[in-house]
Amino acid sequence: MAASNSENDLKTEVSSSHEAEQPQIQAIRMPSMEEIRAQEVWNNCAVRSVASGVMGGGLGFMMGMFLGALDNPVMQDQMSGKQQLLYNLKQMGSRSWSSAKTFAVMGVVFSAVECVVEKARAKHDTTNTVVAGCVTGGTMSAKAGPKAACVGCVGFAAFSVAIEKFFDRHT
């Protein structure tokens with residue numbers, strides 16, 4: 001009987017060490033109603049587009065401030081320090097506003113097109129990015145003529161795919 005007890009203890013130790021090696025399976029947590037509602041709101045193309053436009057405008061504003069600060073006045077030798085400061089502030093303001101508008105439009109157009117194409121195709125892949133990039137690039141350069149719109153389409157689509165592959169969103 002003592003031998004069977006030691007065998008049972010040995011079996012228990014082996015089975016408990018075997019159980020410790022296996023990863024524990026975690027229970028799946030269901031999302032709460034608030035999480036589901038938030039996800040439904042974010043899946044709305046209009047909400048995505050507005051959010052992208054606001055973020056793009058903010059990025060453009062910051063870039064405009066930085067690039068505007070780098071502009072040197074042509075008549076720098078003949079300007080006083082105060083005049084140079086005022087010139088730089090005006091340049092920063094105009095560059096910021098211009099960049100903010102450009103990046104906001106770019107964000108809205110790209111996000112809206114990508115969302116609409118994704119919903120229409122019911123797929124989340126690189127094709128959506130190519131179409132959105134092409135439409136955005138063509139739209140942004142359309143004022144310069146059809147040739148520029150085609151170049152903008154191809155260029156922005158290629159850039160969008162490169163960024164997509166770099167971040168590797170779609171596996």
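A residue is termed buried when its relative accessible area is under 20%, exposed when it is over 50%, and partly exposed in between, with a 1.4 Å probe and protein chains only. By this criterion Ser141 is buried, because its relative accessible area is 18%. Ser141 lies in the loop between H5 and helix H6 (146-167). Contact is taken as heavy atoms within 4.5 Å, and Ser141, leaving aside its neighbours within four places in sequence, is in contact with Ala148, Ala149 and Gly152.

The model is a predicted one, in which local features need pLDDT of at least 70 and side-chain atom pairs count only at pLDDT 80 or more, whereas totals for chains, interfaces and linings use all residues. Residues are numbered from 1 along each chain as its sequence is written, and side-chain values use heavy atoms, with hydrogens and water left out.

The overall architecture is helical. The chain has 6 helices and 0 strands, and the pattern read along the sequence is α-α-α-α-α-α. Helices (H or I, at least four residues) and strands (E, at least two) are DSSP runs numbered from the N terminus. Of the 171 residues, 24% count as buried. Among contacts in the chain with a separation of 6 or more, 59% are accounted for by residues 24 or more positions apart. The chain exposes about 12400 Å², and carbon and sulfur atoms supply 66% of this area; accessible areas come from the Shrake-Rupley method with a 1.4 Å probe, and for residues only the protein chains shown count as cover.

Helix H3 comprises residues 45-70. An unreviewed UniProt entry carries the annotation "transmembrane region" for residues 50-70; UniProt positions are given in the numbering used here, feature names are shortened, and annotations may be inferred rather than shown by experiment.

Gly57 lies in helix H3 and is buried, since its relative accessible area is 13%. Not counting residues up to four places away in sequence, Gly57 touches Ala100, Phe103 and Ala104. The C-alpha atoms of Gly57 and Ser98 are separated by 9.6 Å, although these residues are 41 residues apart along the chain. Met63, also placed in helix H3, is partly exposed because its relative accessible area is 35%. Together with Leu59, Phe66, Leu67 and Leu70, Met63 makes a nonpolar surface patch of about 480 Å². Patches are made of residues with over 30% relative accessible area and no salt bridge, like charges being joined within 9 Å and nonpolar side chains (Val, Leu, Ile, Met, Phe, Trp, Tyr) within 5 Å.

The interior can be followed through a nonpolar core, defined as a set of buried Ala, Val, Leu, Ile, Met, Phe, Trp, Tyr and Cys residues joined through side-chain atoms within 4.5 Å. The largest such core has 6 residues, namely Val109, Phe110, Val113, Val117, Ala132 and Phe156. H4 gives the most to this core, with 4 residues. Leaving aside its neighbours within four places in sequence, Phe110 is in contact with Thr129, Ala132, Gly133, Thr136, Phe156 and Ser160.

Met140 is placed in helix H5 and counts as partly exposed because its relative accessibility is 32%. Beyond residues up to four places away in sequence, Met140 touches Thr102, Val105 and Met106.

The loop between helix H4 (81-121) and helix H5 (126-140) contains Ala122. Phi of this residue is near 60 degrees, a positive value in a residue other than glycine. Ala122 is exposed, because its relative accessible area is 68%.

Side chains of opposite charge can pair when their charged atoms come close. The structure holds 2 salt bridges, each being a side-chain nitrogen of Lys or Arg within 4 Å of a carboxyl oxygen of Asp or Glu. Arg121 and Asp125 meet in a salt bridge with an N to O distance of 2.7 Å. Arg121 counts as partly exposed at 32% relative accessibility, and Asp125 counts as partly exposed at 23%. Arg29 forms a salt bridge with Glu35, the closest N and O atoms being 3.2 Å apart. Here Arg29 counts as exposed at 59% relative accessibility, whereas Glu35 counts as partly exposed at 36%.
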